[in-house]
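Here is a walk through one protein model, from a single helix residue out to the sheet and the cores. Please keep the structure open beside the text.

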Amino acid sequence: MAFGERLQEVRRKNGLTQEQFAEQLQVSRQAVSKWESGRGYPEMEKLLYICSRYQVTLNELFEQEVSVQQEKVEQPQKVSAQPLGRSVAAFVNNLAPRNKWLGIGTLVGVALLAVLIGTFLKNGGSDMTTIIWIAAIVIFGVMEALTAGLMSIWFVAGSVAGLVVAAANGSIWMQLLAFFVVSILALLVTRPLVKKLMGRGVVATNADRVLGETARVVEQIDNTIPTGAVYIDGKTWSARSNTGAVIDEGALVRVAEMQGVKLMVEEV
């Protein structure tokens, strides 16, 4: 019996629906359905919680799964080759909208840089200022790629402006002026818009309203296993002791902080 079938058996044995099972584990019903259909596995913390709460061992859950995986390795199936165009299209479609725009911007920037460098080389441009501006574009671009925090992309635009002025045989002061003016304008024009677009997807959950509230322990809290759950605000939360002490079932605790889907509590 595969892991998904074994997990479904444990859930049904305890008289739980997928929704009820998901609520106890603090996950979505879709996640439980995915586990039971063999398309994924729970995190280790969830597995330990399942074993502790429903009196089942990891060996029982995964015993047959290991043999199934070994059979798959011993009998590899031939996978039909997927056309390159379809693979690329699938990859692009799976990207988040923000990543798509970042990818497009990166490709456009690289293409423009390649055109500029090719133009200078073709025209025999090899003066030091041209090399400096090209190096600045590369350096600021690499910094932006490493930080991904919209910290130096403005200077890339400014460096491109300086490079254009240098190509037109402008003086060093004109090049520096173009660099600073374009960088400042790019910062003033685009940064507020980018921050606004990036903030659209933020949705407040009000989950932190349980902080400082009193909850009741419905499962003994022991960080060493780890196990523990509390009931508060009409929901059951996974909980851990903020001090490391074992807290018995039925005790009242205060919610000190929240870590992911877990509440860190201390006994009242």
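## A serine and its helix

Ser-159 has its place in helix 9; helices (H or I, at least four residues) and strands (E, at least two) are DSSP runs, numbered from the N terminus. The model is a predicted one, in which local features need pLDDT of at least 70 and side-chain atom pairs count only at pLDDT 80 or more, while totals for chains, interfaces and linings use all residues. Residues are numbered from 1 along each chain as its sequence is written, and side-chain values use heavy atoms, with hydrogens and water left out.

Is Ser-159 buried or exposed? Ser-159 counts as buried because its relative accessibility is 0%; buried means under 20% relative accessible area, exposed over 50%, and partly exposed in between (1.4 Å probe, protein chains only). Not counting residues up to four places away in sequence, Ser-159 touches Trp-133, Ala-136, Ile-137, Phe-140 and Phe-179, where contact means heavy atoms within 4.5 Å.

Helix 9 (residues 153-167) has 15 residues and reaches 21 Å from its first C-alpha to its last, close to the 21 Å expected at 1.5 Å a residue; the expected span is 1.5 Å times one less than the number of residues. Among the buried residues of helix 9 are Trp-154, Val-156, Leu-163 and Val-165. Just after helix 9, Asn-169 takes a positive phi of about 65 degrees.

## The barrel

Five strands form a closed barrel in the order 1-2-3-5-4, with mixed pairing. Neighbouring strands of this sheet are turned by 50 degrees against each other on average, direction ignored. Two strands pair if DSSP finds at least two bridges between them. Two of the pairings look like this:

| Strands | Sense | Bridges |
|---|---|---|
| Strand 4 (residues 252-259) and strand 5 (residues 262-267) | antiparallel | six bridges |
| Strand 3 and strand 5 | parallel | four bridges |

Val-253 stands opposite Glu-267 in strand 5. Helix 4 (residues 44-54) packs on the sheet, touching strand 1 (214-222), strand 2 (227-232), strand 3 (235-241) and strand 5. The direction of helix 4 makes about 85 degrees with that of strand 1; axes are lines fitted to C-alpha atoms, for helices over the stretch in contact, and angles run from 0 to 180 degrees between N-to-C directions.

Ser-238 stands opposite Lys-262 in strand 5. The hairpin of strand 4 and strand 5 has two residues between the strands, and Gly-260 there takes a positive phi near 65 degrees.

## Two cores

A nonpolar core is a set of buried Ala, Val, Leu, Ile, Met, Phe, Trp, Tyr and Cys residues joined through side-chain atoms within 4.5 Å. The largest has 17 residues, and Phe-21 and Ile-50 have the most contacts inside it. Helix 4 supplies the largest share of this core, five residues. A second, separate core of 14 residues includes Val-230, Val-253, Val-255 and Val-265.

## Confidence

The protein averages a pLDDT (the predictor's confidence in each residue, from 0 to 100) of 75, and 66% of the residues score at least 70. Among the elements of the protein, strand 1 has the highest mean pLDDT (92) and helix 6 (residues 84-93) the lowest (57).
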